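Thanks for making the time this morning. I would like to walk through one structure with you, so please have a look at the sequence and the model before I go on.

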Amino acid sequence: MKKHLLFLGAPGAGKGTQAELLSQNNSYLHLSTGELLRKEIEMNTILGRKVKDIINKGELVSDDLVLKIVRQNLDKDNNGWILDGYPRNLSQAHSLNEVLKEINQPLEVVFYLDIPEDVLIKRLLLRGRKDDTEETIKTRVNIYKKTTEPLIQYFKDLSLLEYIDADRDLKTISSDIKQKMA
Ligand code: ADP
């Protein structure tokens with residue numbers, strides 16, 4: 001059973017939902033950089049105040065800040081982990097590689113949740129999070145295409161990529177993922 005997992009896909013592809021389910025069933029750590037950043041905003045910490053405007057505009061927080069969060073959390077002793085929302089660009093992918101080498105826990109699989117653009121825009125508008133306005137969604141999808149999508153090829157070249165059709169119901173997707181985790 002694989003223990004070091006990563007979810008890749010556009011905003012609204014369902015990474016968070018699937019990662020949460022899987023982490024609960026296997027008592028793995030679910031490390032969502034978006035979730036952790038939103039918590040900082042909620043608690044009005046120094047970091048939270050720094051990233052609030054960036055996140056609400058749908059832009060990416062600086063690589064340094066996000067790396068710090070990832071480092072802090074991966075350091076913890078755990079049964080396994082699922083990265084969700086990290087890395088989001090090639091530079092973050094290289095940093096992650098360094099961190100994983102340091103802690104001697106190599107990534108075992110990357111699930112790429114694939115979904116047509118019109119479907120994800122509809123999903124995000126329905127979700128209605130604070131950063132789910134029409135304008136912000138446009139920004140996030142554009143950034144995704146430009147900076148995150150190249151990671152699909154990056155992980156494919158490392159023979160880590162597993163393709164998941166994410167335009168199906170939740171349960172079908174999760175049993176597909178479970179099968180590919182074995
Ligand atoms: P979604 O995948 O739906 O966009 P997330 O919860 O993953 O939602 O991310 C929300 C926001 O948090 C992003 O739009 C971005 O501003 C910030 N964020 C999350 N992860 C990263 C990251 N790895 N690098 C930079 N910014 C990030």
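Where does serine 27 lie? Serine 27 sits in the loop that runs between helix H1 (15-26) and strand E2, where helices (H or I, at least four residues) and strands (E, at least two) are DSSP runs, numbered from the N terminus.

Before I go further, please keep in mind that this is a predicted model, in which local features need pLDDT of at least 70 and side-chain atom pairs count only at pLDDT 80 or more, while totals for chains, interfaces and linings use all residues. Residues are numbered from 1 along each chain as its sequence is written, and side-chain values use heavy atoms, with hydrogens and water left out.

Back to that loop, then. Most residues other than glycine have a negative phi, and most peptide bonds are trans. Serine 27, which is not a glycine, has a positive phi near 40 degrees, and with 53% relative accessibility this serine counts as exposed; here buried means under 20% relative accessible area, exposed over 50%, and partly exposed in between, with a 1.4 Å probe and protein chains only. Asparagine 104, in the loop between H5 and strand E4 (109-114), also is not a glycine and has a positive phi of about 60 degrees, and its relative accessible area of 64% makes asparagine 104 exposed. A cis peptide bond, with omega about 0 degrees, joins tyrosine 86 and proline 87, and proline 87 belongs to the loop between E3 and helix H5 (90-103).

Let me turn to the strands. Strand E3 (residues 81-84) is covered on both faces, with Trp81 and Leu83 buried on one side and Ile82 and Asp84 buried on the other. Strand E1 (residues 4-9) runs parallel to E3 and is joined to it by four bridges, two strands being paired if DSSP finds at least two bridges between them. In that pairing, histidine 4 stands opposite tryptophan 81. Strand E2 (residues 29-32) also pairs with E3 in the parallel sense, over four bridges, and there leucine 31 stands opposite leucine 83. Serine 32, which belongs to strand E2, is buried at 8% relative accessibility, and a polar atom of its side chain lies 3.0 Å from the backbone nitrogen of glutamate 35.

What surrounds the ligand? There are 20 residues around it, the closest being Thr33, Arg38, Glu59, Gly85 and Gln92, where a residue is near if one of its heavy atoms lies within 4 Å. Helix H2 (residues 33-42) gives the most to this shell, with four residues.

As for individual atom pairs, a backbone N or O atom of glutamate 59 lies 2.5 Å from an oxygen atom of the ligand. A side-chain N or O atom of lysine 15 is 3.3 Å from a ligand oxygen, and a side-chain N or O atom of glutamine 92 is 2.9 Å from a ligand nitrogen. On its own the ligand has 550 Å² of accessible area, and the protein covers 97% of that, with areas taken from the Shrake-Rupley method with a 1.4 Å probe.

Note on methods:
Polar contact = N/O pair within 3.5 Å; in protein donor to acceptor, adjacent residues only side chain to side chain.
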